[in-house]
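Welcome! Open your viewer, keep the selection tool at hand, and let us walk through this model together.

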Amino acid sequence: MRHSNALNRLDRLPVSRFHKVTLLAVAFAYFFEFADINSFATTAPKLIKLWGLTVDQVAYVTSLSFVGMFIGAIVAGSIADRWGRKRALIWTTLFFGVSSFAAVFSWDLVSLGVFRVLTSAGLSAMTVVGVVYVNEMYPSAIRGKYQAYAIAIGICGTPVTNLIASAVVPLNDWSWRLVYLWGSLGVLLVLFSGRLKESPRWLESRGEHAAADAVLTEIETAVAAEKGPLPEPAPPVAETPSTKAPLRLLLRKKYLLPTLLLSVLWMTQTIGFFGYSSWAPTLLAKEGFSVEKSVFYVALTTVGAPLGCYLASLVTDRFERKWCLVAFGTVIAVCGLLYGLTFDPVLIIVFGFLVNLFERGYTALAYAYSPELFDTRARSLGTSVSYGLGRLSNAAGPLIVAALYTGHGYRSVFYFIAGTWLVGAVTLAAFGARTRAARLSEAESQRVRVPA
């Protein structure tokens, strides 16, 4: 077989049990990613009291975590290209789950810092693989919506974890460890492993057409049994097989601008969001709120996160994603600034809720937008490099936040965060590519008659 026609055969499938099981598996991995990503932020106020940590020490651990995220994101591209999307998703999730479990037994700041770097590497790697996997397994007309659905379910891990942390961290001097134990439950993704399919588009890109056809036939048989006869796919478009995408590939004109643009997108998103989420409990505690209240207030604000993903699901396939990102980024900048200008508990919760709502919507949109700027050959590499550079940029973010807080006070931190979001919005408005026309064209090519 010379061509398995993976893209068009997947594109013409109706939503079925196969898509829903895949959604649940990816959402499960996302749930524990979001559950674990802010574990240190929720336990830091307690550790400041127990271990006598300073704001600068908290900043160093947070910074090193983002170095881990960079390493994980870069490695993820190679893993996903070499092992396949399915195996990479499972192994990266197992890695961050085991690393989080190890953090339960931390005995000092250094040991906890090492375990958090390893956990962060796994979290970032899993995210990159998950984004690419969803992009390749869902029809082009709905992939953005289902990416948002996966994150909407997964993001519930943030408020659930924060509420758990607000309940267990104050109990006694060791109960903060339970937050890391909770985050380690992502290893249970192995329960889905038998239900997930390898990406036929990845197999096809490697020239493994027989293997791709076998997976496609299995999927099509299951979908047809559930939904009835399937439409004929559009004619195939030949792609050059590639076993590995070298890093220098991104220097080509075709890929360089998307890589630079997405690097700015993920840099501003990472510094802007984690500057807020990683520091809010600690800064509120430093400004006189009790540890219990600071963690509880932040937990309430994160309830907006799942709603933000749902909002993204409503707009992501209906409008141009570029402009949705610009609008969401601008709103986050305004709400984040207002959050920092008040010490009223009600307004802290309201503006924090809005920051979480629009930021998680922004992230869902960005997860759908990023892989669309690359073809199959460069998708994993381009996504991993740009995402990894974004995470690496925040190695400096916590140090900047600590320096601003120490030198210029609480509100200066939020001026910095708002400015970061505006830089991202302006860059996207000026240089972001439009992708909606290409998605509509792919969807239109699948509107053919069901065979008699």
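Start at the surface: select Phe101, Phe105, Trp174, Leu178 and Leu181, which together form a nonpolar patch with about 500 Å² of accessible area. A patch is built from residues with over 30% relative accessible area and no salt bridge, joining like charges within 9 Å and nonpolar side chains (Val, Leu, Ile, Met, Phe, Trp, Tyr) within 5 Å. A salt bridge puts a side-chain nitrogen of Lys or Arg within 4 Å of a carboxyl oxygen of Asp or Glu, and accessible areas come from the Shrake-Rupley method with a 1.4 Å probe, where for residues only the protein chains shown count as cover.

Before moving on, note that this is a predicted model: local features need pLDDT of at least 70, side-chain atom pairs count only at pLDDT 80 or more, and totals for chains, interfaces and linings use all residues. Residues are numbered from 1 along each chain as its sequence is written, and side-chain values use heavy atoms, leaving out hydrogens and water.

Helices (H or I, at least four residues) are DSSP runs numbered from the N terminus. Is Leu178 buried, exposed or partly exposed? Leu178 counts as partly exposed because its relative accessibility is 32%, given that buried means under 20%, exposed over 50%, and partly exposed in between (1.4 Å probe, protein chains only).

Next, go inside. The largest nonpolar core has 102 residues, and Tyr30 and Leu265 have the most contacts inside it. Helix α2 (residues 17-37) gives the most to this core, with 12 residues. Such a core is a set of buried Ala, Val, Leu, Ile, Met, Phe, Trp, Tyr and Cys residues joined through side-chain atoms within 4.5 Å.

Select Tyr30 and look at what it touches: beyond residues up to four places away in sequence, its partners include Met126, Gln147, Ile151 and Tyr367. Contact here means heavy atoms within 4.5 Å.

His19 counts as buried because its relative accessibility is 1%. Not counting residues up to four places away in sequence, His19 touches Leu13, Pro14, Met137, Tyr138 and Pro139.

For the last stop, select Arg9 in helix α1 (residues 6-11). Arg9 is buried, with a relative accessible area of 11%. Leaving aside neighbours within four places in sequence, Arg9 is in contact with Ser4, Asp213, Leu216, Thr217, Glu220 and Pro233.

How values were computed:
Helices (H or I, at least four residues) and strands (E, at least two) are DSSP runs, numbered from the N terminus.
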